[in-house]
Amino acid sequence: FATAAVEDEFWAKPMAAKDGVTVGMTLLGNPQVFGSKGAESAILNKVGLKMPIPGSRELDADSRANLMPVIIVTSGSESEGYMGLMLNRRTGYLMGDLEQDVSGFMIQPLNFGGTQPPADLSFLHPYPEIGGSTQIGEDGLYYSGNFKDAQMLVEKGTCSQFKFRFFIQCVQWEKGELEKQMAKNTWCPAQVSKDVILKIREREGSRRPKPLWTDVMDLAGGNYGELSEDFYA
């Protein structure tokens, strides 16, 4: 039974775009939109793309999947608009490269959360004991909080530094903007377990890690799984 419980922590479930936006939902780029030559530049620019994702003749499927945006909605409301973090963009820097005290997290990668400010550091983690953190979704994933609390708890051994994901900048949508994108099927919305979101994705020898977009689409199955299969065909 214990083994099954561990396996069950890695899951994703499709959500219906018509049900609207909820904080904690994960948005996966629809390849029929982001890979289209007619893709709107405003949508591409928001996720740091200067052009549509190239076709299979130009890039291998994993490289294309790594370009496909995956965003978690971290805050907002229908009346104010929403904010989110891109989950699959590395900056190429480590936390230790920042000019501030990041003890406890020196070797953790720094991720590119989006193209908009604030440039302040934000982070995702599974620890409710970190003061000021906000639970997003129903699976025990938390957004930011007091960074010094996080450092202290890691130093004590209460929290693992490897369960944190760090970001600079974010993605922002004005009032009604994300809802319009959802209505146009720009995004494949999903509920994704915290363990999938926080999973460390590093190269193992010559083997590249499975792209987050592919992982979530395959776990969600159904139409999402079929989209993934078509993408890799």
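Q: In this structure, does Arg201 count as buried or exposed?
A: Read the relative accessibility against the cut-off: buried means under 20%. At 18%, Arg201 therefore counts as buried. Keep in mind that this is a predicted model.

Q: How far can I trust the prediction, and what is the mean pLDDT of the protein?
A: Start with the confidence values. The mean pLDDT is 93. Of the residues, 96% reach 70 or more.

Q: Where does pLDDT stay under 50?
A: Look at residues 1–7. That stretch has 0 contacts beyond four places in sequence in the model.

Q: Back to Arg201: which side chain does Arg201 meet in a salt bridge?
A: Find the partner, then ask where each one sits. Arg201 meets Asp215, at 3.0 Å from N to O. This pair links distant parts of the chain: Arg201 is in the loop between α7 and α8, and Asp215 is in helix α8, 14 residues apart. Asp215 is buried too, with a relative accessible area of 10%.

Q: How many residues of helix α8 are buried?
A: Count along the helix, residues 212–220. The helix is mostly covered, with 7 of its 9 residues buried. Among them are Leu212, Trp213, Val216 and Met217. Now step off the end. Just after α8, Gly221 takes a positive phi of about 65°.

Q: Which residues of helix α9 are buried?
A: List them, then look down the axis. In α9, residues 222–232, they are Tyr224, Gly225, Leu227, Ser228 and Phe231. Their directions fall within an arc of 155°, so these buried residues line one face of α9.

Q: Which side chain does Glu177 meet in a salt bridge?
A: Glu177 meets Lys46, at 3.4 Å from N to O. Here helix α6 supplies Glu177 and helix α3 supplies Lys46, linking distant parts of the chain, 131 residues apart. Check the cover on each partner. Glu177 is partly exposed at 25%, whereas Lys46 is buried at 10%.

Q: Where is Met25 found?
A: Met25 sits in the loop between β1 and β2. At 1% relative accessibility, Met25 counts as buried. Leaving aside neighbours within four places in sequence, its contacts include Met15, Ile71, Val73, Met182 and Pro189.

Q: Which residues form a nonpolar patch on the surface?
A: Leu94, Met106, Ile107, Phe162 and Ile200 form the patch. Together they have about 470 Å² of accessible area. Pick out Ile107, which lies in the loop between β5 and β6. Its relative accessible area is 53%, so Ile107 is exposed.

Methods. Residues are numbered from 1 along each chain as its sequence is written. This is a predicted model: local features need pLDDT of at least 70, side-chain atom pairs count only at pLDDT 80 or more; totals for chains, interfaces and linings use all residues. Side-chain values use heavy atoms; hydrogens and water are left out. pLDDT is the predictor's confidence in each residue, from 0 to 100. Contact means heavy atoms within 4.5 Å. Buried means under 20% relative accessible area, exposed over 50%, partly exposed in between (1.4 Å probe, protein chains only). Helices (H or I, at least four residues) and strands (E, at least two) are DSSP runs, numbered from the N terminus. Patches are made of residues with over 30% relative accessible area and no salt bridge: like charges are joined within 9 Å, nonpolar side chains (Val, Leu, Ile, Met, Phe, Trp, Tyr) within 5 Å. Accessible areas come from the Shrake-Rupley method with a 1.4 Å probe; for residues, only the protein chains shown count as cover. A salt bridge is a side-chain nitrogen of Lys or Arg within 4 Å of a carboxyl oxygen of Asp or Glu. The arc is that of the directions from the helix axis to the C-beta atoms.
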